[in-house]
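Hi,

Here is the structure I promised to pass on to you.

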Amino acid sequence: MTDRAQKLMTEIWEERHSWADTEEKLVSAVIRKTLDHCKTFVAQKMNNMSVIDKNDLIALSNELKQLP
């Protein structure tokens, strides 16, 4: 278990209990919270485009699978 995977799950459950009362809202919360825990890079400074690190996203997914 990793700290970031556990923290992500805790934040998702907090969203679930506070406002994400439908599947659509929960998926929205999962996506938003996941982005907070993945590496991103600025692609172009002129328009603030961010790029998600695919390998880090896969690593986080694998970390989540290992949680009890």
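Below is what I found, starting with the whole chain and ending with a few single residues.

Some housekeeping before that. This is a predicted model, so to speak of local features I needed a pLDDT of at least 70, and side-chain atom pairs count only at pLDDT 80 or more, while totals for chains, interfaces and linings use all residues. Residues are numbered from 1 along each chain as its sequence is written, and side-chain values use heavy atoms, with hydrogens and water left out.

**The whole chain**

The protein chain has three helices and two strands, where helices (H or I, at least four residues) and strands (E, at least two) are DSSP runs numbered from the N terminus. Along the principal axes, the C-alpha atoms fill a box of roughly 40 × 25 × 15 Å.

Of the 68 residues, 24% are buried; buried means under 20% relative accessible area, exposed over 50%, and partly exposed in between (1.4 Å probe, protein chains only). The accessible surface is about 5,300 Å², with 56% of that belonging to carbon and sulfur atoms. Those areas come from the Shrake-Rupley method with a 1.4 Å probe, and for residues only the protein chains shown count as cover. Among the contacts (heavy atoms within 4.5 Å) with a separation of 6 or more, 41% are between residues 24 or more positions apart.

Two packed helices are described by the angle between their axes and the distance between the axes. The axes are lines fitted to C-alpha atoms, for helices over the stretch in contact, and the angles run from 0 to 180 degrees between N-to-C directions.

H1 and H2 pack at about 150°, and their axes are 10 Å apart. The two are therefore roughly antiparallel; the classes are under 35 degrees for roughly parallel, over 145 for roughly antiparallel, 65 to 115 for roughly perpendicular, and oblique for the rest. On the H1 side, the contact includes Lys7, Leu8, Glu11 and Ile12, and these residues of H1 meet a set in H2 that includes Leu26, Val30, Lys33 and His37. By type, the residues of this contact divide into five nonpolar, two polar and seven charged. Here Ala, Val, Leu, Ile, Met, Phe, Trp, Tyr, Cys and Pro count as nonpolar, Asp, Glu, Lys and Arg as charged, and the others, Gly among them, as polar.

H1 (residues 3-18) also packs against H3 (residues 54-65), at an angle of about 80° with the axes 9 Å apart. That makes H1 roughly perpendicular to H3. Arg4, Ala5, Leu8 and Met9 of H1 make this contact with Asp56, Ala59, Leu60, Glu63 and Leu64 of H3. These residues divide into six nonpolar, no polar and three charged.

**Single residues to look at**

Is Lys33 buried or exposed? Lys33 counts as buried, because its relative accessibility is 17%. You'll find Lys33 in helix H2 (residues 23-37). Apart from neighbours within four places in sequence, Lys33 is in contact with Leu8, Glu11, Ile12 and Glu15.

Now for the two ends. Thr2 sits in the segment before H1 and counts as partly exposed, at 27% relative accessibility. From Thr2 to Val27 is 25 residues in sequence and 22 Å in space, C-alpha to C-alpha. Leu67 lies in the segment after H3 and is buried, with a relative accessible area of 16%. Leu67 and Val51 are 16 residues apart along the chain, and their C-alpha atoms are separated by 27 Å.

Cheers
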